[in-house]
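Subject: Handover of a structure

Dear colleague,

Please find the structure below, together with an account of what was found in it. I would ask you to keep it open while reading.

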Amino acid sequence: MADVWAGRAPRRWQEDAFRTVIGSLRAGLRRPLVQACTGSGKSVLIGALAAAARRGPILITTPTQALVDQLAATVTRSCGPLRVGRAYQHAWEVDKDVVVACVPSLPRLLEERASWACWIADEAHRIEGPSTRLVSDKLRADVAVGFTATPFRADDRGLRTWDRVVYAYTSHDAVRDGVLVPFRVVPRHSG
């Protein structure tokens, strides 16, 4: 396999999660979910998975235009610039092998290309809303991998799009590993 980490040394949790996701897909799970806290490096792991998934078009979704640009830049380091395009209001590059799309742009994108070899959803919990599910239910992908820091919903329905959490990396784990700095409470004095 090519260097899916683009010459960067992955964090231990990223390697473990990568192996777990690949193993889950090989074992027949179609939609595994990775839970990882904010700031731990999910984007780098998404780039590695996109670089490893070379058997057809790859769709990566994220909720906002700013995240599309950030994620596309990270994925480009793993996949190369000729392979990665963006799909949202101000960028429409859907003829690429890997397309990073803003969730609100999915209806238009799916009119042009509904079938994908792999769908990777950043902030996968955001796919569960009623209007978003109507669109994501039309998306056809051989396999899908979700990433979220919050694999639950306030309405206690759970995440129905995803099979199950196959790997969890909590903020406690990230502080222990030095990935995140410990939080501290600073009292606020009024006066």
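Serine 43 is found in helix α2; helices (H or I, at least four residues) and strands (E, at least two) are DSSP runs, numbered from the N terminus. The model is predicted, and local features therefore need pLDDT of at least 70, while side-chain atom pairs count only at pLDDT 80 or more and totals for chains, interfaces and linings use all residues. Residues are numbered from 1 along each chain as its sequence is written, and side-chain values use heavy atoms, with hydrogens and water left out.

Helix α2

Serine 43 has a relative accessible area of 16% and is buried; buried means under 20% relative accessible area, exposed over 50%, and partly exposed in between (1.4 Å probe, protein chains only). Leaving aside neighbours within four places in sequence, serine 43 is in contact with Gln70, Leu71 and Thr74, where contact means heavy atoms within 4.5 Å. Helix α2 (residues 42-52) is largely enclosed by the rest of the structure, because 9 of its 11 residues are buried. Among them are Leu45, Ile46 and Leu49. The buried residues of α2 pack against α1 (12-26), β1 (32-36), β2 (58-62), α3 (65-79), β6 (115-122) and β7 (140-148).

The sheet

An open sheet of 8 strands has mixed pairing and the order β4-β3-β5-β2-β6-β7-β1-β8. Its edge strands, β4 (91-92) and β8 (164-169), each pair on one side only. Two strands pair if DSSP finds at least two bridges between them. Strands of a sheet pair through backbone hydrogen bonds, either parallel or antiparallel. Strands β2 and β6 run parallel and are joined by 4 bridges. Isoleucine 60 stands opposite isoleucine 120 in β6. Helix α3 packs on the sheet, where it touches β2, β3 (84-88), β5 (98-102) and β6, and its direction makes about 170° with that of β3. Helix α1 lies across β1, β7 and β8, running at about 170° to β8. For these angles, axes are lines fitted to C-alpha atoms, for helices over the stretch in contact, and angles run from 0 to 180 degrees between N-to-C directions.

Aromatic rings

A search of the whole structure finds 4 aromatic pairs. Rings of Phe, Tyr and Trp (its six-membered ring) pair if their centres lie within 6.5 Å; planes under 30 degrees apart count as stacked, over 60 as edge-to-face and the rest as tilted. Tryptophan 13 and tyrosine 167 form a stacked pair, 6.2 Å centre to centre with 25° between the planes. This pair links distant parts of the chain, since tryptophan 13 is in helix α1 and tyrosine 167 in strand β8, 154 residues apart. Both tryptophan 13 and tyrosine 167 are buried. The pair of tryptophan 119 and tryptophan 162 is tilted, because the ring centres are 5.3 Å apart and the planes stand at 40°. Tryptophan 119 lies in strand β6 and tryptophan 162 in the loop between β7 and β8, so the pair ties together parts that are 43 residues apart in sequence.

Cysteines

How many disulfides does a search of the whole structure find? The search finds 0 disulfides, a disulfide being a pair of cysteine sulfur atoms within 2.5 Å. The sulfur of cysteine 118 is 10 Å from the closest cysteine sulfur, in cysteine 79, which is too far for a bond. Cysteine 118 is buried, with a relative accessible area of 7%.
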